[in-house]
Amino acid sequence: MSRAGATGSYHLLEHSPIAVFVLGVDGTVLEHNTGMRVWLDDPGGDGATGLRGRNIVEWLTPGSRMLYETQVMPRLLETGRLREVMLEIRDQAGRRRTALVNAELRRADDGRDVAYVAAVETTARAAFEKELVTARREAEISHRRLALLQDATSALAVAHGLDDLGRTLVDAASRATAAAWTALRLVDTSASAQTAVREWGSTPGGIVLDARPAASDQQMVCRDMAEIDRAVPQDAAALRTAGIEALVTTPIVRAATDSTVVLGEIHCWFRRARSLEPDELETLRALAAQAERVVDHLRLRDQLQHHALHDSLTGLPNRVLFEQRLQRMLAESERTGEPSAVLFLDLDGFKDINDRLGHGVGDEVLRIVAGRLQRVCRAGDTVARLGGDEFLIAATGMDDDETARFAERVRNVVREPLDGAATGSPLSASVGAVHWHAAEGVEPPSAERAVAAADAAMYRAKHAGKDGVQVDVLGR
């Protein structure tokens, strides 16, 4: 490259808005136009020398310098040209500025290889593209959040009770935050302080929540262990042991005229420190607001369903629910081969108590008997009140002899002395029991048939002198 040639080209582009310059292969600036000074916002010394003699890497940001040294110059030396590479510099004022760079490698008159470079500043374009990417990301986040809330709203609209509510909110909160553990807790604020809180979801191992939700109506956000130490110092050690480094608790509240009632809370726990962005926290608050709007409706629905399937005096399942469970039990017995048994009880001596001491005492005796029957049964058995002084029990896993022994235990528990207003009053039970064992090619009996057979066995026990047990094998 001759001095005259270089100077001539330089003067042609002196006032171009494009930064045009010539570099040695070591990055030294050999020639440049005024556009390069504008780009770098650097006077570069006096007008005679400008920026010549300085190395281009002085202005490159660390990332662009690595790109320049590891990819840009090696590619230029290998191919002789470079097209549309983005490089970022810090100008004299420290501002980041970007340019779209094109270059060609040529041989100068003195035999050296030099690079002719044209750099078009794209700072505004890069800023616009960054804003566009940010706006697109925010739009995608908003869309996901809206879709999640719409899904939750749709699910809650067809929810059949609090269990549906619990499962829906746990799923939505987990999706919104990608929490390692998510749990929902609700309390019946109309009941006594001893009422158990209902829970859905999962909690970290070793973490025991308070008996009731906290009274605070503010969302608690802990993004790292330092914030956990400040917010819940009493729980920090247990949370560390459980491997939790961030958490958020979102209350479900109802604003009353003069106070705020906490209906429950949504818990999210994380294994690592989390930024917990505003959109995530707002989604949790929106889910809590949805829960507040439907929880009373669903609680009423649960209560109505419970009343429809349970005895109002004892709280035991009624005949409808008993036969539903019994039918499932018989079908399961057919599948597994495990035997089933049904017991029908009629109380002996109850009419005398009811007539002599009054219906209030009679009702209390029925509640006592219901509690005794539940006590003698296993967790998987079903105890029901058929009406009046008649009770039903369904149980699995008992052969003929075990059914007979179980019926005797039931009879004996009813005969235990009464206390309270009925103290000294005799009470016993006539128990009819039927036992069924699956056999190949034999369909299980219907629940109605099994109850009728147990009822018939009970009448034989009563006609035999009361306070006795009769056991039949169903199907014989």
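**Entry 1: Pro339.** I started with burial. Pro339 has a relative accessibility of 12%, so it counts as buried; the cut-off is under 20%. I kept in mind that the model is predicted. Next I asked where Pro339 is placed. I found Pro339 in the loop between helix 9 and strand 11 (340–348).

Then I listed what Pro339 touches, leaving out residues up to four places away in sequence. The list reads Ser333, Thr396, Gly397, Met398, Asp399, His435, Trp436 and His437. I checked Asp399 by distance as well.

**Entry 2: helix 9 against helix 13.** I stayed with helix 9 and looked at its packing. Helix 9 (residues 319–336) packs on helix 13 (residues 447–463) with the axes 8 Å apart and an angle of about 105°. Helix 9 is therefore roughly perpendicular to helix 13. I noted which residues make the contact. Helix 9 supplies Arg319, Phe322, Glu323, Leu326, Gln327 and Leu330. Helix 13 supplies Ala447, Glu448, Ala450 and Val451. I sorted the residues of this contact by type: six are nonpolar, one is polar and three are charged.

**Entry 3: aromatic rings.** I searched the whole structure for aromatic pairs and got one. The partners are Phe21 and Trp39, and the pair is stacked. I wrote down 6.5 Å centre to centre and 20° between the planes. Why does the pair tie together parts that are apart in sequence? Phe21 belongs to strand 1 (residues 19–24) and Trp39 to helix 2 (residues 34–40), so the pair links parts 18 residues apart in sequence.

**Entry 4: charges over rings.** I looked up two arginines. Arg106 lies over the face of Tyr116, 5.2 Å from the ring centre. Arg271 has its charged end over the ring of Trp181, at 4.8 Å from the centre.

**Entry 5: the whole chain.** I finished with totals. I read off 13 helices and 15 strands. The chain has 476 residues, and 43% of them count as buried. How many of the contacts between residues at least 6 apart in sequence join residues at least 24 apart? I noted 61%.

Conventions:
Residues are numbered from 1 along each chain as its sequence is written. This is a predicted model: local features need pLDDT of at least 70, side-chain atom pairs count only at pLDDT 80 or more; totals for chains, interfaces and linings use all residues. Side-chain values use heavy atoms; hydrogens and water are left out. Rings of Phe, Tyr and Trp (its six-membered ring) pair if their centres lie within 6.5 Å; planes under 30 degrees apart count as stacked, over 60 as edge-to-face and the rest as tilted. Helices (H or I, at least four residues) and strands (E, at least two) are DSSP runs, numbered from the N terminus. A charge sits over a ring if NZ of Lys or CZ of Arg is within 6 Å of the ring centre and within 35 degrees of the ring normal. Axes are lines fitted to C-alpha atoms, for helices over the stretch in contact, and angles run from 0 to 180 degrees between N-to-C directions. Angles under 35 degrees count as roughly parallel, over 145 as roughly antiparallel, 65 to 115 as roughly perpendicular and the rest as oblique. Contact means heavy atoms within 4.5 Å. Ala, Val, Leu, Ile, Met, Phe, Trp, Tyr, Cys and Pro count as nonpolar, Asp, Glu, Lys and Arg as charged, and the others, Gly among them, as polar. Buried means under 20% relative accessible area, exposed over 50%, partly exposed in between (1.4 Å probe, protein chains only).
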